[in-house]
Amino acid sequence: MVELNEKQWNDLYKSSSNSVMIDVRTLDEYNAMYIEDSTNIDIQIPNDFLEKVNMIDKNKEIFVYCHSGARSYNACKILEQLGFKTVYNLIGGISEWSGKVISKDGS
């Protein structure tokens, strides 16, 4: 796992053609606001999390975020244990994200 700040994470994601972005927060948190192109896979529902991430190609670059970086850090550790080769954690999570987000109110 590599921990990246917003600029590093965003630059790397935009330059990758083989990546998946995962938001590991709850569905309610995700529905309120999320980073464009992300898929919600809630780490707090362990069986569902494992089932869904195991459907992802382990050779893809996996970009993971949560609210503040703690849940995504744990998710990255699990992904590595499952055999994912390239995993990136967003330091500070979406709470420190200054880029574009999709929110329920349309902003």
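Modeller: His67 is partly exposed, because its relative accessible area is 40%, and the scale behind that calls a residue buried under 20% relative accessible area, exposed over 50% and partly exposed in between, using a 1.4 Å probe and protein chains only. This is a predicted model, in which local features need pLDDT of at least 70 and side-chain atom pairs count only at pLDDT 80 or more, while totals for chains, interfaces and linings use all residues. Residues are numbered from 1 along each chain as its sequence is written, and side-chain values use heavy atoms, with hydrogens and water left out.

Biologist: Okay, where is His67 found?

Modeller: His67 is in the loop between E5 and helix H4 (70–81), where helices (H or I, at least four residues) and strands (E, at least two) are DSSP runs numbered from the N terminus.

Biologist: And which residues is His67 in contact with, leaving aside its neighbours within four places in sequence?

Modeller: With those neighbours left out, His67 has contacts to Arg25, Glu29, Gly92, Gly93, Ile94 and Ser95, a contact being heavy atoms within 4.5 Å.

Biologist: Switching topic, how many aromatic pairs does the structure hold?

Modeller: There are 6 aromatic pairs, and the rule is that rings of Phe, Tyr and Trp (its six-membered ring) pair if their centres lie within 6.5 Å, with planes under 30 degrees apart counted as stacked, over 60 as edge-to-face and the rest as tilted. One of them is the edge-to-face pair of Trp9 and Phe63, at 5.7 Å centre to centre with 80° between the planes. That pair links distant parts of the chain, since Trp9 belongs to helix H1 (residues 6–15) and Phe63 to strand E5 (residues 61–65), 54 residues apart.

Biologist: Is Phe63 buried or exposed?

Modeller: Phe63 counts as buried because its relative accessibility is 0%, and Trp9 also counts as buried at 0%.

Biologist: Why is the pair of Trp9 and Trp97 edge-to-face?

Modeller: Their ring centres are 5.6 Å apart and their planes stand at 85°, so that pair is edge-to-face. Trp97 lies in the loop between strand E6 (86–90) and strand E7 (102–103), so its pairing with Trp9 in helix H1 ties together parts 88 residues apart in sequence.

Biologist: Which residues form the one aromatic cluster?

Modeller: That cluster is formed by Trp9, Tyr13, Phe63, Tyr65, Tyr88 and Trp97.
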